[in-house]
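Let us walk through this model step by step. Keep the sequence and the coordinates in view.

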Amino acid sequence: QARQFLAATADAGLFFVEDVLAPEDADYFHDLRTTRTPLAMGELFHDVTQFLPLVQARLIDYARIRVPTLGGLTPVRKLVALCELYGVRTAPHGPGDVSPIGHAANLALDISTPSFGIQEAATLTDATRETFPGTPVPENGILRPSATPGLGVDFDESAARDHPPPEPGQHDRWALLRSADG
């Protein structure tokens with residue numbers, strides 16, 4: 001089905017096709033490499049070593065990196081150095097379910113590598129930005145790093161008291177796809 005999809009969309013000029021195979025089927029990327037459409041993979045990976053065969057064999061064009069899931073900036077920076085060696089671009093995961101600190105970590109990663117490709121970014125709520133001053137905010141398609149030391153994101157306890165968290169399972173539309181037993 002992945003081959004059929006890539007063939008059917010070949011003339012669409014897609015920026016990339018993301019996670020066209022499940023992580024457990026990554027060995028099949030060898031069969032897809034003839035496509036003209038750039039391939040992106042990794043958002044569902046939980047260990048940086050899962051990227052190794054795909055990067056070293058140049059089977060993907062973009063590494064979809066989820067910094068918190070992969071263990072933070074230290075292991076991810078090592079992965080990005082590998083991507084630099086093999087010409088694989090980065091495309092960190094940055095939807096609304098990533099914390100402000102996670103978005104800042106993505107931005108730190110982006111500005112530290114010549115392998116930067118593209119950054120997925122969400123505009124977080126006013127309450128979130130008030131609770132986490134320094135949260136990166138997309139402006140005209142651009143994220144700018146904070147001039148504050150570290151990742152540049154702080155935590156305002158007073159604002160957090162004004163914006164209590166929602167009930168479990170109510171804040172994240174992805175969580176609502178799962179039943180109570182997971």
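This is a predicted model: local features need pLDDT of at least 70, side-chain atom pairs count only at pLDDT 80 or more; totals for chains, interfaces and linings use all residues.

Helices here are DSSP runs of H or I with at least four residues, numbered from the N terminus. By that scheme, Asn 106 lies in helix α5.

Start with Asn 106. Its relative accessible area is 1%, so Asn 106 is buried, the cut-off being under 20%. What does Asn 106 touch, not counting residues up to four places away in sequence? The list is Val 67, Pro 92, His 93, Gly 94 and Gln 119. Val 76 is 30 residues away from Asn 106 in sequence, and their C-alpha atoms are 10.0 Å apart in space.

Is His 93 buried or exposed? At 5% relative accessibility, His 93 counts as buried. Its side chain makes a polar contact with the side chain of Glu 43, at 3.1 Å. Neighbours within four places in sequence aside, His 93 is in contact with Glu 43, Arg 64, Ile 65, Arg 66, Val 98, Asn 106, Gln 119 and Glu 120.

Now turn to helix α4, residues 73-86. At 1.5 Å a residue, its 14 residues should span 20 Å. The end C-alpha atoms are 20 Å apart, which agrees. Which residues of α4 are buried? They are Val 76, Leu 79, Val 80, Leu 82 and Cys 83. Seen down the axis of α4, the buried residues fall within an arc of 155°, so they line one face of the helix. An α-helix has 3.6 residues a turn, so residues three or four places apart point the same way. The face of α4 turned away from the buried side carries the exposed residues Thr 74, Lys 78 and Leu 85. What covers the buried residues includes α3 (52-56), β3, β4 and α5. After α4 comes Gly 87, whose phi is positive, near 75°.

The aromatic rings come next. A pair of aromatic rings is described by the distance of the centres and the angle of the planes. Rings pair if their centres lie within 6.5 Å. By this rule the count comes to five aromatic pairs. One of them joins Phe 15 and Tyr 62. Their ring centres are 5.5 Å apart and their planes are at 40°, so the pair is tilted. This pair links distant parts of the chain, 47 residues apart. Phe 15 is in the loop between α1 (2-8) and β1 (17-18), while Tyr 62 is in strand β3 (residues 62-63). Phe 15 is partly exposed, with a relative accessible area of 47%. Tyr 62, at 12% relative accessibility, counts as buried.

Another pair brings together Phe 132 and Phe 155. The ring centres are 5.4 Å apart and the planes are at 55°, so this pair is tilted. Both Phe 132 and Phe 155 lie in the loop between α6 (126-131) and α7 (157-162), so the pair ties together parts that are 23 residues apart in sequence. Phe 155 counts as partly exposed, at 43% relative accessibility.

Finish with the annotation. In an unreviewed entry, UniProt lists residues 1-158 for "domain: Enolase C-terminal". The end C-alpha atoms of residues 1-158 lie 51 Å apart. That span is 32% helix and 6% strand.

Key: Residues are numbered from 1 along each chain as its sequence is written. Side-chain values use heavy atoms; hydrogens and water are left out. Rings of Phe, Tyr and Trp (its six-membered ring) pair if their centres lie within 6.5 Å; planes under 30 degrees apart count as stacked, over 60 as edge-to-face and the rest as tilted. Helices (H or I, at least four residues) and strands (E, at least two) are DSSP runs, numbered from the N terminus. Buried means under 20% relative accessible area, exposed over 50%, partly exposed in between (1.4 Å probe, protein chains only). A polar contact is a pair of N or O atoms within 3.5 Å; within protein, one must be able to donate a hydrogen and the other to accept it, and residues adjacent in sequence count only if both atoms are side-chain atoms. Contact means heavy atoms within 4.5 Å. The expected span of a helix is 1.5 Å times one less than its number of residues. The arc is that of the directions from the helix axis to the C-beta atoms. UniProt positions are given in the numbering used here, feature names are shortened, and annotations may be inferred rather than shown by experiment.
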